[in-house]
Amino acid sequence: MRRRNAAILLAVLLGGAWATDACAALPAGQQARLLLRILAYDHRLAARARDVVTVAVLYRAGRPESEACAGALFASLDSLRRQVSVAGLPLRVVAVSAPDAVAAEAGLRRENVAAVYVCPGWSDSNPALAQATRRLAALSFTSGEPRRRDGFSVCLVQRGERSVIVVNLPAVVAEG
């Protein structure tokens, strides 16, 4: 676990500005803050999270864009973890790497996640991952509106100079 987190942090340091932009036009730090604010409004978060709110950053190893996005987002969430709680609960951030949707679901289940940020690199598996988040009752986040159409709940995007939260209401309801 520590080795995987160190590898992600290294990807951020080596990736520089490209790593920050890999998630979308919206900087990773801004996405992390929005994700945590949105989670605070989840009325079922306490039941979902139990004693700690676990947020997973899901990425595909071997895909540079996915790894860079994961590194940037993980670093941003991890730095916020030390400063904030979510709905009065401590925050835990984990990175989950998997080769396919089945392994991703198993990894997310093992971590008992309350929320999942899906990095780029899953275009062939996005609908299957969306189904997995429903089975896990984990709120799904991503960047880029096209992935919202794949069934993820919340897309964090940049439109001009504005940060925009695009909510897929049927997906939010399906995830509980």
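## Ground rules

The model is predicted, so local features need pLDDT of at least 70 and side-chain atom pairs count only at pLDDT 80 or more, while totals for chains, interfaces and linings use all residues. Residues are numbered from 1 along each chain as its sequence is written, and side-chain values use heavy atoms, with hydrogens and water left out.

## Overall make-up

Going along the sequence, the pattern reads α-α-α-β-α-β-α-β-α-β-α-β-β-α.

Of the 176 residues, 51% count as buried (buried is under 20% relative accessible area, exposed over 50%, partly exposed in between, with a 1.4 Å probe and protein chains only). Take the contacts between residues at least 6 apart in sequence: 65% of them join residues at least 24 apart (contact is heavy atoms within 4.5 Å).

## H2 against H4

Helix H2 (residues 28-40) packs on helix H4 (residues 64-81) at an angle of about 55°, and their axes sit 8 Å apart. The axes are lines fitted to C-alpha atoms over the stretch in contact, and angles run from 0 to 180 degrees between N-to-C directions. That angle makes H2 oblique to H4 (under 35 degrees is roughly parallel, over 145 roughly antiparallel, 65 to 115 roughly perpendicular, the rest oblique).

On the H2 side, the contact is made by Ala-28, Gly-29, Gln-31, Ala-32, Arg-33 and Leu-36. H4 brings Ala-72, Leu-73, Ser-76, Leu-77 and Leu-80.

## A closer look at Gln-31

Gln-31 belongs to helix H2 and counts as buried because its relative accessibility is 0%. Its side chain makes a polar contact with the side chain of Tyr-117, at 2.7 Å (a pair of N or O atoms within 3.5 Å; within protein, one must be able to donate a hydrogen and the other to accept it, and residues adjacent in sequence count only if both atoms are side-chain atoms).

In helix H5 (residues 101-111), the buried residues are Ala-101, Ala-104, Glu-105, Gly-107, Leu-108 and Glu-111. They lie on the same side of H5 because they cover an arc of only 165° around the axis, taken from the directions from the helix axis to the C-beta atoms. Turned away from that buried side are the exposed Val-102 and Arg-110.

At the start of H5, a side-chain oxygen of Asp-100 comes to within 3.2 Å of the backbone nitrogen of Val-102. Just after H5, Asn-112 has a positive phi of about 55°.

How values were computed:
Helices (H or I, at least four residues) and strands (E, at least two) are DSSP runs, numbered from the N terminus.
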